[in-house]
Each structure stands twice: as structure tokens, then as C-alpha cells.
Amino acid sequence: MKIKIILFILLCFIFIKPINAQLKFIVEDFEGLSNGSTDMQKNGVFSFGNIKAIINQKKPEYNYSNYLGERYITVKNEINKDFGGWGKGIGLNVELDPAKDHLNFYVYQPIENGSTTLKVQLQEDDNDSNIYESEQDDEWIFTQEIKNDFPTANWQLISIPLSKFKDSNIGGDGIFNCTYKNGKLLCFIISFKDLSDKKTVGNPLKNGQAMSFDFICFSEGEFSGAAKNTDGFCSLGLWSKEGNVANFVEIGKNFEELFKPDSKKKLGVVHFFQPFAIDGGSTQNHYPSIDRINKVIAEDYIPMITLENHFTTTDPNMKQPNLYSIIEGHFDSFFGYWANQIKQVKGIVFLRILHEFNGDWYPWSIANNDKDPKLLIKAYGYIHNIFKQNNVTNVKFIWCPNSMSVPQEKWNYIMDAYPGDEFVDFVGLDIYNGAGLNAPIWASFRRVAIENYFILTEQLPDKPLFICETASRERENSESKSAQTKAEWIKQQSEAIKSDMPKVKLLNWFNEKSTFKINSSSDSRNAFLNYILKDDYFKSGTTYLLPYTR
């Protein structure tokens, strides 16, 4: 009997693979920050008491890690006071489960520091005031001793189960309830042991001593810091300005020409937008061209059409369609004609409708339709059913939220707007760095993408995921030279998809505006060439996508 038990245990070690932790939310990876205090303030990073914080770049002797990246924060005790620390304001609804999830961060301290005691604090909002109030809200604390047991200083990964955090005050409800519906995560703070505190075991950060931190995140399961090995793949697609004048075939050909003779890789998807009308008027009259779409298919691309439910106009007072007008049937004949046009196409068409509904910039968004996600579900199903009633069998529907909800409110949770598996063939995400007016906050691809990637793949595990739009801006001349570049952003995008986003089956670049174009600089063009086109993980043509079209 004992022999059988031993054999069973050995077989478990051989055949049962360890479960990799899945990233859920990144507090900060510092890739968008530079030396200036302005960047820290803009991103909600702060220091207090005896601590001064700066952003550094990795030195050559530091061991490179997929997660450590190139930038990190260094905090130093500059004055021999009894109090100090640093942190980041968050103020978001984040779905955290204390039974499963871990808080993780990398830490580096010089050998001469010996050991240092950290107090890690998580503040939550129990009364929806959007500020931390000790009488009303919970603050969860864990004390962590950092030792240097290595011959030389090195980065250490700390992974703390949320179940080990203890409520430190009498305010709040005593329940760890940071969710999308109840309780915002307000702040992450690390403070150091007081010099005057003789009761707490461990040592403070002494005058003149420094420590460094990087990649603060939450994961489901214990985070190992090891990139996942996967046999997955990702196909490639593109939108560019040729789509505005219906030269759809040229979208793929012109893009591929940018990289010859260095790459012979072919796009799999050609993406273009089709609004209700493009003549500035309010009569829907812009229909898909069967011949032009067939030319895309004949060149061995899969067409992806984003049907935009609005009129392109410069008149801000023009009344635009909304979810109510769709559900009430005002555009039935238009959608019906669309369906019959697509039906005549000689191949599969990916059709994206009501995209980025969790933003506030489109007339079909939840924010502009009484903040009611059920209306989005009804409108999506309504359009889908018109295609079904017209016996259109060559269309695959894409449901595509934006990577970040704007505004971040409980009613704008993406899964509350999911139409149902019978209406959705693929789920999508639009992931940008630098979309918006002026020069908005810079954020790494992984930081922007991972939260909604986790939600979609956890809630909809059987749905393939497409990144329907993605791009990064270039750094502005006024921004620090030590800050991350677009080329570095593209490199990390490749790493993140391969390590943490294996269910992404399409990476579709949005080749618009001079700063978003893939060849906005020679460095950006070369980064896409070296880290996407020359990487075997990213596949040429439609071969790997075709099984999903049957």
C-alpha cells in the first residue's frame, strides 16, 4: 500500500504542472516615469516623512527580468527622523479576493543595510467617499522583513497572500472588500519601522540608507516572477488611412512594404471603419462594398469591419444615434441592407459593433445612455438578430470594450454589458498608450492591458481574444530623455503578450496620426520588426486564425 502511495505522489510530480499565477492588476511598474517629480505626482506616486523618492534606470549589472523592466523607484532616508515611507494613490474599483490573491513587489537593498522592516498598507473605501477616513474605512497591514541573504545584493520578489493582512483600525466594516461593486482600493503604502519603536521586531531604514522597489502588482495565486512558457500564437492585423478612401487591400500591402526586405511576414487581418455616413449629413447611406471586401479576401486577408453607429460630422449639434434609437428600430432598414451586403461577400468577415462602450466618447457608450449596461446588451443583440434573420452565416461578431473604463464607476463594469455567448464569437480589447488630448500619462502596455485581460479570460475562458486596436505615441520633446521610448514600449508589448496574455490571438495595430504610426521613428519601426515580425510567436497570414472562422 505504501509503495502505491509513493508511486502516486511521484506521478503527480511528473504529470501535474504547477499552476502559474495570473496577473490581475498592476499598481505601478514605473516604466512611464522618469527622474522628475512631476511624473511621480502625475501618476499618484508620493513620499512622506524622512523619505525622498527618485526614479532610476537599471544598471547593467542588475539581472534583467521580464517584469523588472528598465525603471524603478529608489527611496532614501535623508533625515534621521522616526517616520517615513512612500506609496501610490489608486482610487479604483479593483476585484481582489483575499482567499486567492497575492500582493507582489520586487525589492532591492544594499548588503550594508542588513535587514529592514517594512509595513505594507492597503487602504480601502467602505463608505464611497473616495478618500481614506480612519473612522469609516479599513486599512489592512502586513509587516515584512527584508533580508539580504545573498553574497551580493540582488532583487528579491516578495509575494504576500492577502489573507495575511490584518485590519489595523476600528473604522470600516472589517471585511476586505475591494471589488468592482463595493469598495475602492484607495492607496498602496510602504512605510519603514520607526527608529523609536523598540517593540517591533526588525530594523528601520537608517539615515543615509536606500532601498529600491519595482513592479507592484496583484495576482491570483502566488506570483513566481517567471514568464509562462506557452505554445500559443498571435496573428497580426492593421488599420491605416487607406481605409478612409476604401482602398482596403492597400492597408496590408503598404504596411508589409515598410519592412521589406527585412521581413516577409504577411498580415492576417485588414481592419477598416464604416460609419453610418461620411458626407456630414444625418442620413445613413454608407454601406460596405462587396467588391472591395472580396479583393481583401482574394489577397488572403480576413476583413475586420468596425461598424460605427454614428455620422461623421463637424457639427457638434447634430443628433447622433444612441442605444434607444437602435432598439426602437429606427435603423432596421440600414442594418438589414448591411446584412445583405455582407451576406454576398465570398468569405468570412469579422464584424465589430458598439465598440469601446465603456468609454464616454461615443453616442452608444453606457455613459451616454442613462448609465445602463442593459441597453448595450439589448442593442448589441438587436443588431446581431437582424443579421441572423437575414441568414448571414459568414459573419463573426466581436464584442470589444476599451482597456480602461472611463469613467471608473460601478455602473461601467464591462461584464455587466456582455450580451451572451450566443451573440459573441470573439471578445476584444483596445489598448493605447497616449490616446487623448495633449500628452497624457504614459503607461506600459502590460499595465494598461492586464486588468481587463484577466476579467475577460476568467469570465469568458472559451472565447478567443483579439486586441482590435493598439498603438503608442512617441515621447514628446519636452519629456525626459531617460523616460521610456515607443520602441521600448513595443518590446515590452511583445514580452507581455507572450508571458501573460497567451489567449490573445490577434494584435491589430492602429496606424493613424504621425505619432501612432509604426514608422513614426526608425527606432519604433525597428522595434516592431525585431520584437514582433521576427518573433516566431507572431504568425504570418491567416493560417492560424482560420480554425476560429469555421
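**Figure 1. Tyr-67, a buried residue in a loop of the predicted model.** Tyr-67 has a relative accessible area of 3% and is therefore buried. The model shown in this and the following views is a predicted one. Tyr-67 sits in the loop that runs between strand S3 (51–57) and strand S4 (71–77). Its side chain makes a polar contact of 2.8 Å with the side chain of Asp-500. Arg-446 is 379 residues from Tyr-67 along the chain, yet the C-alpha atoms of Tyr-67 and Arg-446 are separated by 9.6 Å.

**Figure 2. The contact of helix H9 with helix H11.** Helix H9 covers residues 486–500 and helix H11 covers residues 522–533. Their axes come within 8 Å and cross at roughly 15°. Angles under 35 degrees count as roughly parallel, so H9 and H11 are roughly parallel to each other. H9 passes H11 in a right-handed crossing. On the H9 side, the contact is made by Lys-486, Ala-487, Ile-490, Lys-491, Gln-493 and Ser-494. On the H11 side, it is made by Asp-523, Ser-524, Ala-527, Phe-528, Tyr-531 and Ile-532. Sorted by class, the residues of this contact between H9 and H11 are six nonpolar, three polar and three charged.

**Figure 3. Ser-524 in helix H11.** This view takes up one residue of the previous contact. Ser-524 lies in helix H11. Is Ser-524 buried or exposed? Its relative accessibility is 1%, so Ser-524 counts as buried. The side chains of Ser-524 and Ser-521 are joined by a polar contact of 2.9 Å. Leaving aside residues up to four places away in sequence, Ser-524 touches Glu-474, Lys-486, Ala-487, Ile-490 and Ile-518. Among these, Lys-486, Ala-487 and Ile-490 also belong to the H9 side of the contact between H9 and H11.

**Figure 4. The crossing of helix H6 and helix H7.** The axes of helix H6 (residues 332–343) and helix H7 (residues 373–389) come within 9 Å and cross at roughly 50°. That angle makes H6 oblique to H7. The crossing of the two helices H6 and H7 is right-handed. From H6, the residues in contact are Asp-332, Phe-335, Gly-336, Trp-338, Ala-339 and Ile-342. They meet Tyr-382, Ile-383, Ile-386 and Phe-387 in H7. By class, the contact of H6 with H7 has eight nonpolar residues, one polar and one charged.

**Figure 5. Tyr-324 in helix H5.** Tyr-324 is found in helix H5, which spans residues 323–327. With a relative accessibility of 32%, Tyr-324 counts as partly exposed. Not counting residues up to four places away in sequence, Tyr-324 touches Asn-369, Asp-370 and Leu-375. Glu-28 lies 296 residues from Tyr-324 along the chain, and the C-alpha atoms of Tyr-324 and Glu-28 are separated by 39 Å.

**Figure 6. Asn-177 in the loop between strands S10 and S11**. The loop holding Asn-177 lies between strand S10 (166–167) and strand S11 (184–192). Asn-177 has a relative accessible area of 8% and is therefore buried. What does the side chain of Asn-177 make a polar contact with? The partner is the side chain of Asp-173, at 2.7 Å. Asn-177 also touches Glu-124, Asp-126, Asn-182 and Gly-183, when residues up to four places away in sequence are not counted.

**Figure 7. Two cis peptide bonds.** Most peptide bonds are trans. A cis peptide bond joins Lys-260 and Pro-261, with omega about 0°. Pro-261 is found in the loop between helix H3 (248–257) and strand S14 (269–277). Another cis peptide bond joins Val-406 and Pro-407, with omega about 5°. The place of Pro-407 is in the loop between strand S17 (395–399) and strand S18 (426–433).

**Figure 8. Positive phi at Asp-128 and at Glu-356**. Most residues other than glycine have a negative phi. Asp-128 is not a glycine, but its phi is positive, about 60°. Asp-128 is placed in the loop between strand S7 (116–125) and strand S8 (139–146). Its relative accessible area is 47%, so Asp-128 is partly exposed. Glu-356 is likewise not a glycine and has a positive phi of about 50°. Glu-356 is in the loop between strand S16 (349–353) and H7. At 7% relative accessibility, Glu-356 counts as buried.

Conventions
Residues are numbered from 1 along each chain as its sequence is written. This is a predicted model: local features need pLDDT of at least 70, side-chain atom pairs count only at pLDDT 80 or more; totals for chains, interfaces and linings use all residues. Side-chain values use heavy atoms; hydrogens and water are left out. Axes are lines fitted to C-alpha atoms, for helices over the stretch in contact, and angles run from 0 to 180 degrees between N-to-C directions. Helices (H or I, at least four residues) and strands (E, at least two) are DSSP runs, numbered from the N terminus. Angles under 35 degrees count as roughly parallel, over 145 as roughly antiparallel, 65 to 115 as roughly perpendicular and the rest as oblique. A crossing is left-handed if the near helix is turned anticlockwise from the far one by less than a right angle, and right-handed if clockwise. Contact means heavy atoms within 4.5 Å. Ala, Val, Leu, Ile, Met, Phe, Trp, Tyr, Cys and Pro count as nonpolar, Asp, Glu, Lys and Arg as charged, and the others, Gly among them, as polar. Buried means under 20% relative accessible area, exposed over 50%, partly exposed in between (1.4 Å probe, protein chains only). A polar contact is a pair of N or O atoms within 3.5 Å; within protein, one must be able to donate a hydrogen and the other to accept it, and residues adjacent in sequence count only if both atoms are side-chain atoms.
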